[in-house]
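Please find below a short note on the structure shown here.

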Amino acid sequence: MLSLNYRDSRPIYEQVRDGLRRLIITGAIPAGDKLPSVRAMAGQLAINPNTIQRAYESLEQEGYAYSVPGKGSFASLPQDVTGKRREELLEKLDAIVQELAYLGMAPADIAARCAAWKEDAK
């Protein structure tokens with residue numbers, strides 16, 4: 001389900017959050033499905049349950065999950081969250097494209113890279 005990279009500079013809870021977000025967005029965990037319990041996921045990944053709890057809380061704040069007292073956490077993917085996330089990612093993309101242009105990469109080369117990625121995704 002998730003794998004952690006201990007050489008990654010990001011904190012573990014961010015890796016867990018990002019991994020779960022990716023699973024929710026791609027539909028691997030459909031909206032409404034129960035997320036693994038904090039203890040189960042902590043045991044599976046061999047990390048502290050507080051780290052998982054922090055990742056779940058972050059997902060809830062972003063709108064990718066919700067909790068039901070006594071039942072657990074569940075995946076959600078409301079449209080306003082996807083639009084908001086899309087805007088955040090586009091802002092990051094703009095910054096990356098600007099840096100690539102500053103480093104001398106031609107817009108046509110950037111577009112070709114995007115087109116190649118789209119072909120690989122098929």
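The points below concern a predicted model and take up helix packing and then pockets.

1. Packing of α1 with α3. Two packed helices are described by the angle between their axes and the distance between the axes. For α1 and helix α3 (residues 49–62), the angle is about 50 degrees and the axes lie 8 Å apart. Angles under 35 degrees count as roughly parallel and those from 65 to 115 as roughly perpendicular; α1 and α3 are therefore oblique to each other. Their crossing is right-handed.

2. Residues between α1 and α3. On the α1 side, the contact is formed by I12, Y13, V16, R17, L20 and R21. Their partners in α3 are T51, I52, R54, A55, Y56, S58, L59 and E62. Sorted by class, the residues of this contact comprise eight nonpolar, two polar and four charged.

3. Packing of α2 with α3. Helix α2 (residues 38–45) also packs on α3: their axes come within 8 Å and cross at roughly 120 degrees. This angle makes α2 oblique to α3. The crossing of α2 and α3 is right-handed.

4. Residues between α2 and α3. From α2, the residues V38, M41, A42 and L45 take part, and from α3 the residues P49, I52, Q53 and Y56. What classes of residue make up the contact of α2 with α3? Seven are nonpolar and one is polar, with no charged residues.

5. The largest pocket. Rolling a probe the size of a water molecule over the atoms shows where empty space is left. In this model, the largest pocket holds about 520 Å³ of space. Its lining consists of 13 residues, and those nearest the centre are R86, L89, L90, L93 and W117. Both α4 (79–102) and α5 (107–121) contribute at least two residues to this lining, with the largest share, eight residues, coming from α4. By class, the lining of the largest pocket includes eight nonpolar residues, one polar residue and four charged residues.

6. The second largest pocket. The residues lining the second largest pocket are R10, D18, R21, R22, I25, T26, R85 and L89. Two or more of them come from each of α1 (12–26) and α4. Which helix gives the largest share of this lining? That helix is α1, with five residues. The lining of the second largest pocket divides into two nonpolar, one polar and five charged residues.

7. Residues to locate in the view. R21 belongs to the contact of α1 with α3 and also lines the second largest pocket. L89 lies in the lining of the largest pocket and in that of the second largest pocket.

Methods. Residues are numbered from 1 along each chain as its sequence is written. This is a predicted model: local features need pLDDT of at least 70, side-chain atom pairs count only at pLDDT 80 or more; totals for chains, interfaces and linings use all residues. Side-chain values use heavy atoms; hydrogens and water are left out. On a 1 Å grid over the protein atoms alone, a cavity is a set of points where a 1.4 Å probe fits but cannot get out, and a pocket is an open set with protein on both sides within 12 Å along at least five of seven lines; lining residues have an atom within 4 Å of a point. Grid points are joined across faces, edges and corners, and a volume is the space filled by probe spheres set on the points. Helices (H or I, at least four residues) and strands (E, at least two) are DSSP runs, numbered from the N terminus. Ala, Val, Leu, Ile, Met, Phe, Trp, Tyr, Cys and Pro count as nonpolar, Asp, Glu, Lys and Arg as charged, and the others, Gly among them, as polar. Axes are lines fitted to C-alpha atoms, for helices over the stretch in contact, and angles run from 0 to 180 degrees between N-to-C directions. Angles under 35 degrees count as roughly parallel, over 145 as roughly antiparallel, 65 to 115 as roughly perpendicular and the rest as oblique. A crossing is left-handed if the near helix is turned anticlockwise from the far one by less than a right angle, and right-handed if clockwise. Contact means heavy atoms within 4.5 Å.
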